[in-house]
Amino acid sequence: MEIIVRLDRVMADRKMQLNTLSECTGISTVNLSKLKTGKVKAVRFSTLEVICKCLECQPGDILEYE
Amino acid sequence: MTHTFNQKRFKTLMRIAQIITYVGLIFLSIAFVGSLVVFLVGLFIPADLVTFTLSEMTITNMFDMQLGMYLSEEVMNAEITLKSLFISGGLAMAANVAFVWLLLFMLKRVFNEVDKEKPFSQITIKSLYIISFLFIGAGFVLPIFDFILTSSLASQIPAPHFDANYGLDMGRIFVGFIILILVGIFQYGAFLETEYEETV
């Protein structure tokens, strides 16, 4: 059982590229890529907040407990 | 309360520390070679080549004056051979210089890592570990060389109160243990840094 990051799925639904999301959120593409591939240990509320704002979604759409 | 960090001042401080360690390493390398030369010369010169007494020493400093005042005539006139002084002195000096050289070398590695903006890297932790064990080891080993030097002099000076004793350098051992504790704190810092880096 673990937390799965579904950022790639939400981005695909919104047809948003990594560069566009990076410009919108102000988070570097490197960090977004790490987040997308699940190579991070923790996500700040502030990071989650800007991503949800740009993708117009809820935190639950991005993170999933499996 | 906000904590500020003057990065410019810190960088300048690190640069100065790097220069000092670099220059120190050069001087200590020369001193180490010099002490080895003294030791080797001591090995090959004849035992009766040069002998001297403390009373013949013409250094007119405070230490010399105090020697004259407090040491008996017997001690002042005891013959000391240059060979024994060169061998034991060269060995003691080489050991002490080697200790400081290794210490500076490890510090240089730490400063280089800080310069690369990786203060809590594995190289820093490893270097600090070595420094702590260097101090602990020196606390046991260096007094042996001091003992050899003093016993070599004591064997030539016929004074009952002038004797050589081996004693651990508790100061160095204590410093070693303090650094060992600091290494633990650094390891925790390294763990926190990894956590921070893996957080987006």
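How many salt bridges are counted between chain A and chain B? The count is two. The points below concern a predicted model.

1. Extent of the interface. Chain A and chain B bury about 720 Å² between them, and carbon and sulfur atoms account for 52% of that area. On the chain A side, A:K41, A:A42 and A:R44 lose the most area to chain B, and together they make up 65% of what that side buries. Nine residues of chain A and six residues of chain B take part in the contact.

2. Charged and polar pairs across the interface. One salt bridge joins the side chains of A:K41 and B:E198, with an N to O distance of 3.6 Å. A:K41 is also among the residues of chain A that lose the most area to chain B. Six residue pairs are in polar contact across the interface of chain A and chain B, with both residues at pLDDT 80 or more. On the side of chain A that touches chain B, helix 3 (residues 29-36) of chain A gives the most, with three residues. By class, that side of chain A holds four nonpolar, two polar and three charged residues.

3. Chain B overall. Six helices and two strands are assigned in chain B. Their order along the sequence is α-β-α-α-β-α-α-α. Of the 200 residues in chain B, 32% are buried. The chain exposes about 12700 Å², with 71% supplied by carbon and sulfur atoms. Taking contacts in chain B between residues at least 6 apart in sequence, 82% join residues at least 24 apart.

4. Salt bridges in chain A. How many salt bridges does the structure hold over all chains? The total is nine. One of them pairs the side chains of A:E64 and A:R9 at 3.1 Å, N to O. This pair links distant parts of the chain: A:E64 belongs to strand 2 (residues 63-65) of chain A and A:R9 to helix 1 (residues 7-14) of chain A, 55 residues apart. A:E64 has a relative accessible area of 25% and so counts as partly exposed. A:R9 is likewise partly exposed, at 42% relative accessibility.

5. The side chains of B:D115 and B:R15 form a salt bridge at 3.2 Å, N to O. Which parts of chain B does this pair tie together? B:D115 lies in helix 4 of chain B and B:R15 in helix 1 (residues 7-44) of chain B, so the bridge connects parts that are 100 residues apart in sequence. Both partners are partly exposed: B:D115 has a relative accessibility of 27%, and B:R15 has a relative accessible area of 44%. A further salt bridge, at 3.1 Å from N to O, is found between the side chains of B:E113 and B:K116. Is B:E113 buried or exposed? B:E113 counts as buried because its relative accessibility is 5%, and the cut-off for buried is under 20%. Elsewhere, salt bridges with shared partners join A:R6, A:R9, A:E64 and A:E66 into one network.

6. B:L91. This residue lies in helix 4 (residues 82-115) of chain B. What does B:L91 touch, not counting residues up to four places away in sequence? The partners are B:F39, B:F86 and B:F145. B:L91 and B:D146 are 55 residues apart in sequence, with their C-alpha atoms 9.1 Å apart in space. B:L91 has a relative accessible area of 27%, so B:L91 is classed as partly exposed.

7. B:W101. Helix 4 of chain B also contains B:W101. With residues up to four places away in sequence left out, B:W101 touches B:L25, B:L28 and B:S29. The C-alpha atoms of B:W101 and B:T21 are separated by 9.2 Å, while the two residues are 80 residues apart along the chain. At 28% relative accessibility, B:W101 is partly exposed.

Key: Residues numbered from 1 in each chain as written. Chains lettered and ligands numbered in written order. Predicted model: local features only at pLDDT ≥ 70, side-chain atom pairs only at ≥ 80, totals over all residues. Heavy atoms only, no water. Contact = heavy atoms within 4.5 Å. Buried area = accessible area lost by both parts, 1.4 Å probe. Salt bridge = Lys/Arg side-chain N within 4 Å of Asp/Glu carboxyl O. Polar contact = N/O pair within 3.5 Å; in protein donor to acceptor, adjacent residues only side chain to side chain. Helix = DSSP H or I, 4+ residues; strand = E, 2+ residues; numbered from the N terminus. Nonpolar A, V, L, I, M, F, W, Y, C, P; charged D, E, K, R; others polar. Buried < 20%, exposed > 50% of the residue type's maximum accessible area, 1.4 Å probe, protein only. Areas by Shrake-Rupley, 256 points an atom, 1.4 Å probe, with all protein chains shown as cover.
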